[in-house]
Amino acid sequence: MPNDRIAWAVDVLSPEASEEILEIGCGHGVAVTMVCDRLIDGRIVAVDRSATMIVAAKRRNAHHLVAGRAQFHTAELASADFGEACFDKAYALRVGAFARKDPTRELVVLARHLSPAGRLFLFHDEPAHSADNIARRLEAGVRRNAWTVEAVLTRRLDGCDVACVIALPPRPAAAAKR
Ligand SMILES: C[S@@+](CC[C@H](N)C(=O)[O-])C[C@H]1O[C@@H](n2cnc3c(N)ncnc32)[C@H](O)[C@@H]1O
């Protein structure tokens, strides 16, 4: 299946061998497979609010699941419980929560579970919307919640204008005072 959009996203994400990574809205788990192919002792946790998608993603990534490289949970991000997990990178592809409504609740969870040097990668595309338009909406959502936008990338792939916003979580108050 042609998937330049997802391959580009994983290239931008650049998973390193030992990283702890979170995917939000993994769907069938196509990106999870590409990320796992780059991990050695790292791990990816993938969530989707659809139990059907999680079953499909687990099936597709059965050997990564068995090897302990991938974990899957049926969960809506805003109410997900990641325990003590601390991720180096989190990413979402085509998850409307970040482009179409105020993602405050989702970003609170992500800020809690990203490492201090962690990054959030949001990739999105919508028919009939330019990548610039989508990037502006992604940026507005994170900036409104005091995240810092580090980079904005755009590409035309698989017939879609794709935008990517890379953002850093707000610094904890104690660290900011130092
Ligand atoms: C359009 S699909 C994209 C799937 C895949 N990421 C891709 O790009 O091909 C969006 C997926 O995100 C999931 N999703 C949407 N909002 C979510 C949320 N707030 N928390 C967890 N999963 C969510 C949906 O169930 C769906 O599987």
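**Ground rules.** I number residues from 1 along each chain, as its sequence is written. Because the model is predicted, I take local features only at pLDDT of at least 70 and side-chain atom pairs only at pLDDT 80 or more, while totals for chains, interfaces and linings use all residues.

**Overall form.** I counted secondary structure first. The chain has eight helices and seven strands. These are DSSP runs numbered from the N terminus: helices are H or I with at least four residues, strands are E with at least two. I then looked up the dimensions. Along the principal axes, the C-alpha atoms fill a box of roughly 45 × 40 × 25 Å.

Buried means 20 or more other C-beta atoms within 10 Å of the residue's own, exposed means 12 or fewer, and partly exposed lies in between; C-beta atoms are placed from the backbone. I also checked contacts, meaning pairs whose C-beta atoms, placed from the backbone, lie within 7 Å. Among contacts between residues at least 6 apart in sequence, 66% join residues at least 24 apart.

**Helix H7.** H7 has 13 residues and reaches 18 Å from first C-alpha to last, close to the expected 18 Å. The expected span is 1.5 Å times one less than the number of residues. Its buried residues are Ala131, Ile134, Ala135, Leu138, Gly141 and Val142. They cover an arc of only 125° around the axis, so they sit on the same side of H7. The arc is that of the directions from the helix axis to the C-beta atoms. These buried residues pack against H5, H6, S5, S6 and S7.

**Helix H6.** I found Glu106, Leu107, Val109 and Leu110 buried in H6. Their arc is only 160°, which puts them on the same side of H6. The face turned away carries the exposed Thr104 and Arg112. The cover over the buried residues of H6 includes S4, H5, S5 and H7.

**Trp147.** Is Trp147 buried or exposed? Trp147 is buried, with 21 other C-beta atoms within 10 Å. It is in the loop between H7 and S6. Leaving aside neighbours within four places in sequence, its contacts are Leu107, Val142, Ala167, Leu168, Pro169 and Pro170.

**Positive phi.** I looked up two loop residues. Ala128, not a glycine, has phi near 70°. Ala128 is found between S5 and H7 and counts as exposed, with 6 C-beta neighbours inside 10 Å. Asp158 has a positive phi of about 50°. Asp158 is in the loop between S6 and S7 and is partly exposed, with 14 other C-beta atoms within 10 Å.

Conventions: Contact = placed C-beta atoms within 7 Å.
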